[in-house]
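Hi,

Here is the structure I promised to pass on. Have a look at it first, and my notes on what turned up follow below.

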Amino acid sequence: MQLSARNALKGTVVEIARGQIVGKVKVDVGGQFVTSLVSVEAIDELGLTVGDSVSAIIKSTEVMLAK
Amino acid sequence: MTDGKVEALLALKREGRPSVGRDRIELLEAVATHGSISKAAKAVGLSYKAAWDALNAVNNLLPRPAVTGQTGGRQGGGAQVTEDGHALIASFRLLEKRLDKVARLLTGDESGDGDPFALLWSLGMKTTARNAFRCTVTEVRRGGVNAEVLMHLTPDCQLTAIVTGESVDELAITPGRDVTALIKSSFVMLIAGDQNPRLSARNRIPGIVSHRDDGPVSAEFSLDIGGGKSIVAVVTRDAAEDLDLKVGDKAMAFFKSSHVILAVD
């Protein structure tokens with residue numbers, strides 16, 4: 001799978017909190033955490049559970065910087 | 001409004017669909033006359049790309065395309081104005097003629113200082129979002145804060161938007177309603193080929209690359225997604241090189257449902 005998104009951070013799902021429409025998926029990426037809000041439909045479709053290996057994909061235009 | 005006077009500008013609406021302005025009608029007429037987008041663009045004083053984008057926007061907002069055969073690239077195959085396109089031109093010109101008479105009666109000498117119609121100028125909204133799709137809502141799912149709105153872009157293609165429940169109430173978004181889905185081109189990602197990826201993104205639209213414009217940092221792609229519609233994606237130049245996407249290649253555009261903005265008339 002080759003995507004145009006420049007950033008794909010490999011990690012492990014450590015937490016899933018389901019809402020009614022949107023769910024929160026917390027991913028451990030080498031000791032740092034990336035939080036993703038995706039639809040619960042997507043969580044179900046991907047069959048995401050804690051411990052799964054996933055990639056957190058972030059389009060470069062979406063990354064903010066702080067100094 | 002070059003002279004600052006009131007001029008009857010016709011916003012053509014059919015069943016509440018958004019307006020098509022005179023500039024786009026003139027472009028359509030030029031395509032009908034010249035049978036090619038590049039010649040039509042030259043005739044109305046637009047760049048090829050601006051003309052191409054404008055015609056794609058018209059096609060995206062109509063139930064059936066007004067122009068066909070525009071995917072031949074920069075050298076262009078021929079382009080034809082469809083029956084729907086000709087009908088659009090004819091009705092626009094007829095109404096415009098009548099409206100002009102009425103406008104002259106209405107405005108009289110009021111168009112000088114202290115223009116009483118000044119407020120009207122701000123009503124016609126244009127947006128910078130490159131992707132504006134006319135869709136029909138099929139389902140609305142409510143959550144605590146958010147709501148998921150499912151829409152048909154074409155009979156084969158579904159779009160999903162996640163917006164707040166408050167917006168759904170305020171805009172009275174219900175199944176059967178026509179809405180315009182706006183997606184900034186920088187929100188759209190691309191994948192090469194036509195394999196459906198295992199991604200959380202709800203919106204995936206397969207298509208054929210019809211245009212690629214490279215800048216030093218970014219690259220702009222248009223995908224022909226069928227039904228005379230197209231989608232624009234802006235990705236990094238690096239990504240464009242890695243994916244090695246060329247005109248004619250299969251690709252899939254995908255974007256998160258939270259990146260879709262909905263507008264109603």
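Leaving out its neighbours within four places in sequence, A:Gly23 is in contact with A:Ile16, A:Ala17, A:Arg18, A:Val38, A:Val40 and A:Ile43 (two residues are in contact if their C-beta atoms, placed from the backbone, lie within 7 Å). A:Gly23 counts as buried because it has 20 C-beta neighbours inside 10 Å. For that label, a residue needs 20 or more other C-beta atoms within 10 Å of its own; 12 or fewer makes it exposed, and anything in between partly exposed, with C-beta atoms placed from the backbone. A:Gly23 belongs to strand β2 (residues 22-29) of chain A.

A word on the source: this is a predicted model, where local features need pLDDT of at least 70, side-chain atom pairs count only at pLDDT 80 or more, and totals for chains, interfaces and linings use all residues. Residues are numbered from 1 along each chain as its sequence is written, while chains are lettered from A and ligands numbered from 1 in the order in which they are written.

Now chain A as a whole. It has 1 helix and 4 strands, and from the N terminus they run β-β-β-α-β. Helices (H or I, at least four residues) and strands (E, at least two) are DSSP runs, numbered from the N terminus. Of the 67 residues in chain A, 24% count as buried. Among its contacts with a separation of 6 or more, 47% come from residues 24 or more positions apart.

On to chain B, with 6 helices and 12 strands. Here 36% of the 265 residues count as buried. Of the contacts between residues at least 6 apart in sequence, 59% join residues at least 24 apart.

Which strands make up the open sheet of chain B? There are 5 strands, in the order β5-β4-β3-β6-β12, with antiparallel pairing (two strands pair if DSSP finds at least two bridges between them). At the edges are β5 (157-164) and β12 (261-263) of chain B, each pairing on one side only. From one strand to the next, the twist averages 45°, with axes as lines fitted to C-alpha atoms (for helices over the stretch in contact) and angles from 0 to 180 degrees between N-to-C directions.

Within that chain, β3 (residues 131-142) and β4 (residues 146-154) pair in the antiparallel sense over 6 bridges. B:Glu139 has B:Leu150 in β4(B) as its bridge partner.

Cheers
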